[in-house]
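User: Could you take a close look at one part of this model for me? I'd like to hear about the places where the chains meet.

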Protein chains: 4
Amino acid sequence: MNALVNCNRGVEVAYGADQFTATLAQAYSNFFERETFIFPVSTGTAGNGLALGAITPPYGTIFCHESAHIVTTEAGAPEFYSGGGRMTLLAGEHHKISPAVLEDGLRRHGIGNVHHMAVSAFSLTQATEAGVVYELDELHALSEIAHAAGMKVHLDGARLANAIVRLGVTPAEMTWKAGVDILTFGTIKNGTMNAEAVITFDPEIAKVLSVMHKRAGHLCSKMRYMSVQLLSYLEDDLWLRNALQANWNAEHIAGVLRPCAGVELVHPVHINEVFAILPASLLEALRNKDIHLRPWNFGSKGQGVRIVMSYCDSTEQIQRFEQACREHGPSEASSLRVHR
Amino acid sequence: MNALVNCNRGVEVAYGADQFTATLAQAYSNFFERETFIFPVSTGTAGNGLALGAITPPYGTIFCHESAHIVTTEAGAPEFYSGGGRMTLLAGEHHKISPAVLEDGLRRHGIGNVHHMAVSAFSLTQATEAGVVYELDELHALSEIAHAAGMKVHLDGARLANAIVRLGVTPAEMTWKAGVDILTFGTIKNGTMNAEAVITFDPEIAKVLSVMHKRAGHLCSKMRYMSVQLLSYLEDDLWLRNALQANWNAEHIAGVLRPCAGVELVHPVHINEVFAILPASLLEALRNKDIHLRPWNFGSKGQGVRIVMSYCDSTEQIQRFEQACREHGPSEASSLRVHR
Amino acid sequence: MNALVNCNRGVEVAYGADQFTATLAQAYSNFFERETFIFPVSTGTAGNGLALGAITPPYGTIFCHESAHIVTTEAGAPEFYSGGGRMTLLAGEHHKISPAVLEDGLRRHGIGNVHHMAVSAFSLTQATEAGVVYELDELHALSEIAHAAGMKVHLDGARLANAIVRLGVTPAEMTWKAGVDILTFGTIKNGTMNAEAVITFDPEIAKVLSVMHKRAGHLCSKMRYMSVQLLSYLEDDLWLRNALQANWNAEHIAGVLRPCAGVELVHPVHINEVFAILPASLLEALRNKDIHLRPWNFGSKGQGVRIVMSYCDSTEQIQRFEQACREHGPSEASSLRVHR
Amino acid sequence: MNALVNCNRGVEVAYGADQFTATLAQAYSNFFERETFIFPVSTGTAGNGLALGAITPPYGTIFCHESAHIVTTEAGAPEFYSGGGRMTLLAGEHHKISPAVLEDGLRRHGIGNVHHMAVSAFSLTQATEAGVVYELDELHALSEIAHAAGMKVHLDGARLANAIVRLGVTPAEMTWKAGVDILTFGTIKNGTMNAEAVITFDPEIAKVLSVMHKRAGHLCSKMRYMSVQLLSYLEDDLWLRNALQANWNAEHIAGVLRPCAGVELVHPVHINEVFAILPASLLEALRNKDIHLRPWNFGSKGQGVRIVMSYCDSTEQIQRFEQACREHGPSEASSLRVHR
């Protein structure tokens with residue numbers, strides 16, 4: 001954060017759009033080990049909307065998970081940015097789409113059937129809204145199916161850094177090497193103030209994006225305030241260190257929760273999120289330590305909590321959490337219900 | 001059909017748009033017992049698209065059944081005509097939406113939640129794609145809920161005449177008296193060549209439609225060729241006689257099928273459609289009489305047929321059907337599985 | 001017309017979509033001497049909207065004449081079908097765009113300027129709304145400039161038959177051989193009831209059109225009623241004979257008007273339209289013969305009339321017109337003001 | 001600027017969306033002396049797009065000046081945000097629309113003509129792109145005509161502070177008291193980093209905006225970084241002091257230029273912009289003092305410059321400008337050509 005504030009002060013000397021573009025594009029091209037086109041935006045919704053709009057015509061459909069953020073919480077951004085597209089919803093445990101489900105969805109839709117919309121884009125979320133990651137071979141399999149059907153592959157990377165850290169792969173391996181054509185590169189949840197980015201490796205898509213980016217009002221006149229955030233994010237591996245710390249904190253909390261009596265971890269803990277059903281007694285023990293968890297609705301499984309860990313959680317906070325759990329006491333056979 | 005051909009010849013003397021509009025609007029105002037605004041179109045997809053577009057802004061959502069024709073087979077017409085709207089899908093047996101399901105859908109969506117699209121329209125199909133009708137009290141209950149949520153109510157009436165005949169109500173009772181704001185009035189499936197119509201009772205919606213109708217290219221320069229179809233449809237109760245005959249034919253065929261060994265009627269037979277699962281032996285018996293039924297996929301229930309009866313089925317055709325069934329033989333307890 | 005009525009009766013035996021498509025596409029492929037994709041629609045507005053929408057993304061602009069029908073009288077169909085495109089307006093005498101004007105317009109717009117919309121389509125009208133035709137070499141020059149800028153070329157052919165007859169060229173020479181990628185093929189003004197068509201020679205554009213055509217509600221379930229019109233139009237050169245007759249009638253009327261005192265022909269008479277400023281005395285002489293001309297506003301030039309001649313004008317009507325002019329009397333030097 | 005940087009540091013303690021909304025809406029309600037709904041965005045293009053999209057349906061048209069920023073330099077944002085609307089262009093000296101021109105434009109368009117788009121919005125720019133202001137009585141006359149035609153009135157206020165200062169009126173008098181329904185409130189050109197706002201006084205429009213704002217990706221998750229800019233802008237009359245200084249600087253520079261030989265001021269100097277045609281000799285004299293002016297194309301009037309003065313121009317810079325002019329020498333009768 002200090003780095004950001006310093007940069008924020010340092011740029012008061014104006015510099016031109018071209019220099020900015022060049023620097024930013026160069027930094028991200030290095031990061032992704034390939035020529036990269038980057039379009040800064042101020043929200044994840046803008047990023048997803050622009051990215052999907054650039055690869056989906058008004059008569060096209062986007063295959064995605066029924067619980068994807070683009071479906072549930074972005075007020076129709078994909079429909080807006082595509083100018084009339086539709087999302088075709090697929091199911092899957094832990095908010096993941098399996099290759100078999102994608103293939104089946106395409107078969108049921110039919111390609112070239114004029115009574116159905118054109119098959120245009122496949123969007124996946126890495127890590128998913130359930131905090132679970134796709135393995136590299138899953139990404140490869142999915143993008144192969146999508147490309148064969150004539151779709152472009154979009155990756156919603158609101159928590160991409162955490163997923164990269166989890167898998168121990170390079171940004172290149174996680175994206176274009178796995179068949180990703182365009183991605184929403186999230187940084188706000190991992191350290192910046194209000195800068196996300198749409199990133200593509202395809203110059204044709206980049207050409208479309210350059211007009212859409214301006215037209216939607218996301219091309220800032222004083223772009224330097226966003227650029228410094230996106231540049232600082234890469235400097236000294238800030239993104240990596242933040243994500244590592246956040247993932248580690250979540251792993252730690254999950255480890256503390258697992259043995260507790262009556263606790264169920266609903267999804268595997270891959271990144272910095274823990275989804276769990278806790279007994280009322282434990283919730284009260286936590287509240288007594290001034291820890292207030294966000295309620296989460298698990299549908300037929302009932303009510304639980306979502307715990308999002310951050311790079312800036314303090315040791316003291318984590319110790320209070322541990323203490324509450326310890327005082328609440330262990331389960332006899334809780335491990336049986338835990339996914340890993 | 002003769003009536004249509006005669007009319008088609010009769011209009012070679014040109015007459016003006018105003019006279020046409022006046023005549024058509026007057027005829028349908030009489031039909032619906034209220035001032036009626038009518039916009040002829042050449043397909044049901046155009047009708048549904050225009051109707052929904054007139055009541056759904058680009059940021060709005062349409063609540064409808066997941067099996068509605070607008071969802072499954074119109075290539076995204078609602079998204080196109082609304083300029084970016086979305087359909088929110090509801091479930092329900094026999095393709096009907098119950099008041100409880102609509103209420104629950106609205107509760108889960110949330111009204112005024114900026115992360116979700118605005119709640120704009122409720123679309124129901126009468127009769128449904130399963131050939132089943134909503135009773136008047138169901139229509140009243142649904143439109144009351146929809147209106148309370150700020151939605152306009154659209155009725156897809158591709159088989160409206162058949163539904164009116166089934167319920168023995170007036171066109172007025174079936175539409176505006178039951179809270180319907182706008183409807184797609186189907187006539188092609190019940191006798192005309194290529195004329196359907198969007199009908200509304202609300203002058204504000206009519207104002208919007210008049211521009212959209214032109215803009216979408218559905219305002220014909222030689223409108224008289226469509227008007228005569230829509231006028232003839234009402235003359236001498238042609239619509240009523242055709243629908244009565246078609247419904248009666250379906251009821252008759254259902255009565256023939258019910259006692260047959262191994263036959264399951266999947267949906268109640270309310271109008272001119274019979275959805276059934278037939279044993280292979282019966283299908284063969286029918287084929288031997290030169291009767292070829294359209295295969296229909298009932299999902300988890302398996303494969304069956306859809307039989308659509310028409311006002312112009314011949315007695316001879318129906319007798320051949322009966323003969324095949326008689327030769328195939330009756331079931332011992334088939335009636336237990338029959339819906340009515 | 002008889003041919004159409006006969007066909008209209010003849011098709012009561014249903015035939016399948018595939019047979020229809022095959023027949024129609026084959027007939028038009030022969031007509032255009034190349035594989036042709038044809039999409040019937042019921043209005044010219046639908047035709048223009050679909051054609052332009054298929055080649056213009058929501059962020060694209062269409063260069064066209066400021067007096068084009070798509071600009072002045074189609075209620076925003078191009079914006080609707082493109083989902084947010086814009087028309088960039090060019091000027092030019094007799095509603096024609098010169099190559100120099102197109103080049104200048106492109107230069108002022110700038111290609112690749114993110115503050116301006118993408119350059120997507122060039123639309124010209126043949127013959128123009130002023131009844132004037134582009135020569136083949138003008139078409140070649142324009143489409144070359146357009147293609148070099150990355151645009152697709154659209155031709156609004158509401159009066160294409162009349163233009164073909166005027167130039168004495170083949171349909172192929174007038175369209176794809178001159179660089180036209182897609183056209184609206186008008187037939188209603190030249191004989192049919194309610195059938196126009198979008199025609200393209202590009203299979204990629206055809207793929208887009210096939211979904212858009214359905215989605216906009218222009219894919220008729222009983223398509224045969226439209227197909228017979230479009231097929232009859234080509235049979236026995238009906239299109240050619242109608243257009244020849246209509247052009248000849250207009251040429252004749254222009255010849256009668258030219259020598260009249262106080263008459264100004266505002267545009268050259270190339271097809272079946274005569275635009276003229278007539279003295280009040282002549283207008284009265286015509287009215288006395290029961291001839292009522294359509295008033296036309298020529299802007300700064302003042303008020304005049306538009307005379308559209310048809311293949312079905314009777315000899316008696318034309319003779320009455322001649323008589324009125326003869327009685328009104330000749331000008332001494334009227335020919336000086338006449339364009340040819 | 002110091003105020004902004006201080007605030008920017010101060011907000012590291014997170015505070016909730018509701019508190020932010022309440023504070024910001026309250027501050028602007030005080031500023032405008034009426035309940036005000038405010039939606040922060042990061043660019044003027046986003047502001048104009050959202051504002052116009054909220055009052056223009058896809059089938060609607062926006063009347064505006066042919067040189068308006070929304071027409072020339074926003075890549076089709078109004079078409080995008082309205083989902084297919086169109087801008088109808090009006091002419092006028094100094095980029096101002098007169099009441100007579102608006103009335104004439106509406107008459108030529110025709111209201112309720114289905115062949116033309118619906119008349120939805122009137123957009124004016126205060127001050128105009130030529131740096132000229134509308135007087136209050138002009139605003140009143142224009143909005144009265146627009147409202148009578150059923151349009152909503154939008155004001156593009158990229159330089160609103162400068163216009164308010166020029167006229168010596170209150171923000172309320174300049175906006176809702178003059179019939180403005182919605183405005184784009186520019187602050188970036190007058191001091192902030194990347195925060196503009198859409199402001200409306202109409203709760204119905206605000207309801208629409210709240211969904212569109214999210215859907216377009218302009219509702220920031222960490223909204224506080226934008227709010228502090230918009231709040232600081234009002235504190236201690238920062239907006240007023242900046243605008244006063246910038247206007248004064250421009251007035252001063254105009255006073256220096258007017259007497260110079262060969263100088264023509266193309267537009268009256270009302271705010272902080274000076275548009276002028278300068279002799280080559282003067283341009284060189286300025287360059288020798290290291291002053292480089294931005295070239296500006298005045299169409300048929302030829303090439304000139306645009307000088308935008310700012311609240312942060314230094315006395316030293318201005319003195320260098322004066323010196324160059326003094327050395328270049330005065331005109332004998334230059335004042336004749338000056339507008340005031």
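How much area is buried between chain D and chain A, and what percentage of it do carbon and sulfur atoms give?

Analyst: About 2700 Å² is buried between chain D and chain A, and carbon and sulfur atoms give 56% of that. Buried area here is the accessible area (1.4 Å probe) that two parts lose on being put together, summed over both.

A bit of housekeeping before the details. This is a predicted model, where local features need pLDDT of at least 70 and side-chain atom pairs count only at pLDDT 80 or more, while totals for chains, interfaces and linings use all residues. Residues are numbered from 1 along each chain as its sequence is written, chains are lettered from A and ligands numbered from 1 in the order in which they are written, and side-chain values use heavy atoms, with hydrogens and water left out.

Back to chains D and A. In this pair, 33 residues of chain D are in contact with 33 residues of chain A, contact being heavy atoms within 4.5 Å. What does turn up is 14 residue pairs in polar contact, both residues at pLDDT 80 or more. A polar contact is a pair of N or O atoms within 3.5 Å; within protein, one must be able to donate a hydrogen and the other to accept it, and residues adjacent in sequence count only if both atoms are side-chain atoms.

Which pieces of chain D do the touching? Two or more residues each come from α1 (2–10), α3 (44–55), α5 (77–82), α10 (203–215) and α11 (224–234) of chain D. The largest share, four residues, belongs to α5(D). Helices (H or I, at least four residues) and strands (E, at least two) are DSSP runs, numbered from the N terminus. By type, this side of chain D splits into 15 nonpolar, eleven polar and seven charged residues. For that tally, Ala, Val, Leu, Ile, Met, Phe, Trp, Tyr, Cys and Pro count as nonpolar, Asp, Glu, Lys and Arg as charged, and the others, Gly among them, as polar.

Now the symmetry. Chain D superposes on chain A by a rotation of 180° with 0.0 Å of shift along its axis, giving an RMSD of 0.0 Å. That is the relation of a two-fold axis.

Chain D has another partner in chain C. That contact takes 16 residues from chain C and 16 residues from chain D. The area buried there is about 1200 Å², with carbon and sulfur atoms giving 44%. Across the interface of chains C and D the rule finds two salt bridges. One pairs Arg86(D) with Glu79(C), whose closest N and O atoms are 2.6 Å apart. Side chains of opposite charge can pair when their charged atoms come close. The polar contacts between chains C and D come to eight residue pairs, again with both at pLDDT 80 or more. On the chain C side, the elements giving two or more residues are α4 (69–72) and β3 (86–90). Here α4(C) supplies the largest share, three residues. That side of chain C divides into six nonpolar, seven polar and three charged residues.

Chain C can also be laid on chain D, by a turn of 180° and a shift of 0.0 Å along the axis, with an RMSD of 0.0 Å. Gly84(C) is the residue of chain C that comes closest to that axis, at 1.9 Å for its C-alpha. These copies, too, meet through the same surface, since 100% of the interface residues of chain C are also interface residues in chain D.

Conventions. A salt bridge is a side-chain nitrogen of Lys or Arg within 4 Å of a carboxyl oxygen of Asp or Glu. Copies are superposed by least squares on the C-alpha atoms of residues with pLDDT of at least 70 in both.
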